[in-house]
Amino acid sequence: MSRAASSTSSSETAAPRPSRRALAAFGAAGLLALAGCGFSPVYGPSGRAALPSDPAVRQVLASTQVALIPERSGQMLRRALQERLGAAGQASPAQELRVTLQFGAEPEGFRRDGTPTRIRYNAIASWLLVSQGPPPAALAQGTERAFDSFNIPDNQFFAADASRDATLRRLIEQLADDIVLRLAAQLRAE
């Protein structure tokens, strides 16, 4: 094969690639354009849903008490919600967030003997924000859903338990993010 016909060598010059500074400047210009048109995100730039930038909504969220949620998964969800709302330790909360949590499990894959190889968990969290003053009034409500799956390896019971626990933690984190985000959006729309 001749050098001219080789696919690995070429006498053509490649197009210049944009520099990192040019890409950063282009991204900053896009963000400025969005800010100029009135766009403002409901939550911060971090991976987790953060408190919104609107001070009125932030104050309502921070003055919200999360009611007790039964069972271990409910305790985990309550703690995750308290962290996101910033309401831990409030002396006199003005609102209470009431959450009911339900889980469903369904097998997805099967071995030849009929035992499952993969489990899918479906989580549903119904929530209601209620004012604490007399008489209590519903301020916002909603339902959030999340699902996740894990594999059940052959004869590795510890690995299956660890996978299930990690799946439950991911579901709880996702539900907490979704509840706070939806709550902030409803409060902001009012």
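**Entry 1: the β3-β4 pair**

I began with strands β3 (residues 116–131) and β4 (residues 138–151), which run antiparallel and are joined by 13 bridges. Two strands pair if DSSP finds at least two bridges between them. I looked up two positions across this pair: L128 stands opposite Q141 in β4, and V130 stands opposite A138 in β4. The link from β3 to β4 is a hairpin through 6 residues.

**Entry 2: what I am looking at**

I note that this is a predicted model, in which local features need pLDDT of at least 70, side-chain atom pairs count only at pLDDT 80 or more, and totals for chains, interfaces and linings use all residues. Residues are numbered from 1 along each chain as its sequence is written, and side-chain values use heavy atoms, with hydrogens and water left out.

I listed 4 helices and 4 strands in the protein. From the N terminus on, I read their order as α-α-β-α-β-β-β-α. The protein has 190 residues, of which 29% count as buried. Buried means under 20% relative accessible area, exposed means over 50%, and partly exposed lies in between, with a 1.4 Å probe and protein chains only.

In what order do the strands of the open sheet stand? I find β1-β2-β3-β4, an open sheet of 4 strands with mixed pairing. β1 and β4 are the edge strands with a single partner each, so one side of each has no neighbour in the sheet. From one strand to the next, the twist averages 25°. Angles run from 0 to 180 degrees between N-to-C directions, and axes are lines fitted to C-alpha atoms, for helices over the stretch in contact.

I then went through the other pairs. β1 and β2 are parallel, with 3 bridges, and Q65 stands opposite E96 in β2. β2 and β3 are antiparallel, with 15 bridges, and Q102 stands opposite I124 in β3.

**Entry 3: helix α3**

I picked α3 (residues 71–85), which has 15 residues. Its first and last C-alpha atoms are 21 Å apart, close to the 21 Å expected at 1.5 Å a residue. The expected span is 1.5 Å times one less than the number of residues.

Which residues of α3 are buried? I wrote down S73, G74, L77, A80, L81, R84 and L85. Seen down the axis of α3, these buried residues fall within an arc of 125°, so they line one face of the helix. The arc is taken from the directions that run from the helix axis to the C-beta atoms. An α-helix has 3.6 residues a turn, so residues three or four places apart point the same way.

On the face turned away from the buried side I found the exposed residues R72 and E83. The buried residues of α3 pack against α2 (55–62), β1 (64–66), β2 (95–110) and α4 (157–189); contact means heavy atoms within 4.5 Å. α3 lies across β1 and β2, at about 125° to β2. After α3 comes G86, with a positive phi near 75°.

The largest nonpolar core has 29 residues. A nonpolar core is a set of buried Ala, Val, Leu, Ile, Met, Phe, Trp, Tyr and Cys residues joined through side-chain atoms within 4.5 Å. The residues with the most contacts inside this core are L77, L81, L97, V99 and L183. Which element gives the largest share of this core? α4 does, with 9 residues.

I checked L183, leaving aside its neighbours within four places in sequence. L183 is in contact with L61, L85, W127, L129 and A140.

**Entry 4: W127**

I found W127 in strand β3. Is W127 buried or exposed? W127 is buried, with a relative accessible area of 3%. Beyond its neighbours within four places in sequence, W127 has contacts that include L97, V99, A140, I179 and L183. W127 and Q141 are 14 residues apart along the chain, and their C-alpha atoms are separated by 5.5 Å.
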